[in-house]
Structure formats: structure tokens, C-alpha cells
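Here is a short briefing to read with the model open beside you. Take a look at the structure, then follow the topics below.

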Amino acid sequence: MAEQALVQVRVDKQLKQEVTEIYESLGMDLPTAVRMFFTRSKMVRGLPFDTTLPENVITRSEAVNAFDELRRQAADVPEMTLEEINAEIKEVRAERKGDH
């Protein structure tokens with residue numbers, strides 16, 4: 001076996017717990033997953049996944065403005081009764097089943 005080296009990384013505790021649970025559900029432990037990441041990085045001579053920025057980046061204020069606009073538009077929508085909502089759900093389910 002090749003000479004071993006220790007790799008230490010600091011990560012958010014919650015993130016570590018979440019990914020550890022994912023790997024365990026796949027039947028492996030965290031060190032095995034890290035070794036797989038390293039091995040794949042060596043094979044592709046880079047990161048083993050795409051690393052691109054999204055084309056459409058919006059600022060927080062743009063997102064808040066868009067949300068506020070949607071709320072304004074929704075304010076004009078008339079209220080539905082529970083019976084109307086249930087009837088609409090029933091109609092959509094019937095269409096999905098091909099009964100309509």
C-alpha cells in the first residue's frame with residue numbers, strides 16, 4: 001500500500017452530519033467518499049463536477065422586489081372557498097386519470 005497522508009478539513013458541523021448520513025445510506029463512510037472525490041479528481045484532472053456560475057444572477061433587493069410584485073399581483077386574486085379548492089383539485093385529478 002502507498003504511504004498514507006493525513007488530510008484535515010474544517011467544515012460546518014451540520015453540513016458534515018448531513019453528508020455523512022448521505023454517504024452512510026450509500027454504504028460508505030466519509031473518508032471513503034473523500035478518497036473517491038480525490039481519485040475522480042485525478043482521473044478527470046480537475047473537479048469531478050461542473051463548476052459554473054449561473055447566467056442569471058440577481059441581487060437580494062431584486063429578489064425582494066420580485067417577491068413584492070408577486071404578492072401585489074396575488075392580492076387581486078379573489079379568495080376561494082374550501083369547496084371551490086376541493087372541486088378544482090378533484091377536476092385536476094380526474095384529468096390526470098383521463099376520466100374527464
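**Briefing: patch, pocket and salt bridge**

Phe49 sits in the loop between H2 and helix H3 (60–75). Please keep in mind that this is a predicted model, where local features need pLDDT of at least 70, side-chain atom pairs count only at pLDDT 80 or more, and totals for chains, interfaces and linings use all residues. Residues are numbered from 1 along each chain as its sequence is written, and side-chain values use heavy atoms, with hydrogens and water left out.

**The loop between H2 and H3**
- Phe49 is partly exposed, with a relative accessible area of 47%; buried means under 20%, exposed over 50%, and partly exposed in between (1.4 Å probe, protein chains only).
- Arg45 also has its place in the loop between H2 and H3, and it counts as exposed at 77% relative accessibility.
- Although Arg45 is not a glycine, it has a positive phi of about 55 degrees.
- Helices here are DSSP runs (H or I, at least four residues), numbered from the N terminus.

**The nonpolar surface patch**
- Phe49 belongs to a nonpolar patch on the surface, together with Val7, Val9, Val11, Leu15, Val34, Phe37, Phe38 and Leu47.
- Together these residues have about 820 Å² of accessible area, by the Shrake-Rupley method with a 1.4 Å probe, where only the protein chains shown count as cover for residues.
- Such a patch takes residues with over 30% relative accessible area and no salt bridge, joining nonpolar side chains (Val, Leu, Ile, Met, Phe, Trp, Tyr) within 5 Å.
- Helix H2 (residues 30–44) gives the patch its largest share, 3 residues.

**The largest pocket**
- The largest pocket has a volume of about 720 Å³, which is the space filled by probe spheres set on the grid points.
- A pocket is an open set of points on a 1 Å grid where a 1.4 Å probe fits, with protein on both sides within 12 Å along at least five of seven lines; lining residues have an atom within 4 Å of a point.
- Its lining has 19 residues, with Val7, Val9, Leu30, Pro31 and Val34 nearest the centre.
- Helix H1 (13–25) and H2 are the elements that give two or more residues to this lining, and the largest share, 7 residues, comes from H2.

**The salt bridge**
- The structure holds 1 salt bridge, meaning a side-chain nitrogen of Lys or Arg within 4 Å of a carboxyl oxygen of Asp or Glu.
- Glu69 pairs with Arg72 in this salt bridge, and their closest N and O atoms are 2.5 Å apart.
- Both residues lie in helix H3, 3 residues apart, about one turn of the helix.
- Glu69 counts as partly exposed at 31% relative accessibility, and Arg72 counts as partly exposed at 48%.

Key
Patch = residues over 30% accessible without salt bridge, like charges linked within 9 Å, V, L, I, M, F, W, Y side chains within 5 Å.
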